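Good morning, everyone. Please have a look at the protein on the screen while I talk you through it.

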Amino acid sequence: MRISPHTPVHVAARYGATAKKGAKTAVRAKLRKQLQTGRAIACKVSRSTARCRAPPLIRTMPDSIRPPLVRVEPLGQSFEAPDSLTLLEAAAFANLRLPRSCRNGTCRTCLCRMTAGRVRYTIEWPGLSREEKTEGYILPCVAIAETDLVIEVPDAIELPAR
Ligand code: FES
């Protein structure tokens, strides 16, 4: 699937084609120009390819836009973690099962150590002390990757592909 001039405005806006509300034509014109110059990227969001009469303009995703990569040690597996998903959710999409229970940052079942990278949290007060944070501990159920990460999760399991 790809972004096209027929892509809905709210979707186009996520990829940098911004305009005031109601200015669909301007957004589409800007998006068309981005597609022609290679600034727009291929994505999984648009479902409008069937109506699209624009020339095929599939682009590969530049490094600056690709989602952060998370490596799980000692398993040695990696998965992409877009900012719309917590680490726990992104791991599940990659058929990796991380320890979990409450999924809201309170029980600490998912507590693991991050040896590289940076995260932010979906909640204001994740159940971590200041010392734990400085030692690199994170709660994947409420953490979102801001950079590529390496996390140590000894109990992680790779599930068979569905
Ligand atoms: S699953 Fe409970 S804190 Fe993460």
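Val-142 sits in the loop between S6 and S7. This is a predicted model, so please take each value as computed from it. Is Val-142 buried or exposed? Val-142 counts as buried, because it has 24 C-beta neighbours inside 10 Å, and 20 or more is what a buried residue needs. Its contacts, leaving out residues up to four places away in sequence, are Thr-86, Asn-104, Gly-105, Tyr-121, Thr-122, Ile-123 and Pro-126. Leu-88 is 54 residues away from Val-142 along the chain, yet their C-alpha atoms are separated by 7.8 Å.

Now a residue for contrast. Ile-65 belongs to the loop between helix H2, residues 24–37, and S1. Ile-65 is exposed, because 10 other C-beta atoms lie within 10 Å of its own, and the limit for exposed is 12 or fewer. Between Ile-65 and Pro-82 there are 10.0 Å, C-alpha to C-alpha, and the two are 17 residues apart in sequence.

Let me step back to the whole chain. The protein has 162 residues, and 25% of them count as buried. It contains four helices and nine strands. In sequence order the pattern reads α-α-β-β-α-β-β-β-α-β-β-β-β. Of the contacts with a separation of 6 or more, 61% are between residues 24 or more positions apart.

Next, the sheet. In general, strands of a sheet pair through backbone hydrogen bonds, either parallel or antiparallel. What is the order of the strands in the open sheet of five? The order is S2-S1-S8-S4-S6, and the pairing is mixed. The edge strands, S2 at 77–80 and S6 at 137–138, each pair on one side only. S1, residues 69–73, runs antiparallel to S2, and four bridges join these two strands. Within that pair, Leu-69 has Glu-80 in S2 as its bridge partner.

The loop between S1 and S2 contains Pro-74. The peptide bond from Glu-73 to Pro-74 is cis, with omega near 0°.

On to the core. The largest nonpolar core has 24 residues, and the members that touch the most others are Val-70, Leu-87, Ala-91, Leu-98 and Ile-151. At least two residues each come from S1, helix H3 (87–93), strand S4 (112–116), strand S7 (143–145) and strand S8 (149–152). Which of these elements gives the most to this core? That is H3, with four residues. As for Ala-91, not counting residues up to four places away in sequence, it touches Phe-79, Leu-96 and Leu-98.

Last, two arginines. Both Arg-103 and Arg-108 are found in the loop between S3 and S4. Phi of Arg-103 is near 65°, a positive value in a residue other than glycine. For Arg-108, also not a glycine, phi is positive too, near 70°. How exposed is Arg-103? Arg-103 is partly exposed, because 16 other C-beta atoms lie within 10 Å. Arg-108 has 16 C-beta neighbours inside 10 Å, so it counts as partly exposed.

To recap: Val-142 is a buried loop residue, and Ile-65 is an exposed one.

Key: Residues are numbered from 1 along each chain as its sequence is written. This is a predicted model: local features need pLDDT of at least 70, side-chain atom pairs count only at pLDDT 80 or more; totals for chains, interfaces and linings use all residues. Two strands pair if DSSP finds at least two bridges between them. A nonpolar core is a set of buried Ala, Val, Leu, Ile, Met, Phe, Trp, Tyr and Cys residues joined through C-beta atoms within 7 Å. Two residues are in contact if their C-beta atoms, placed from the backbone, lie within 7 Å.
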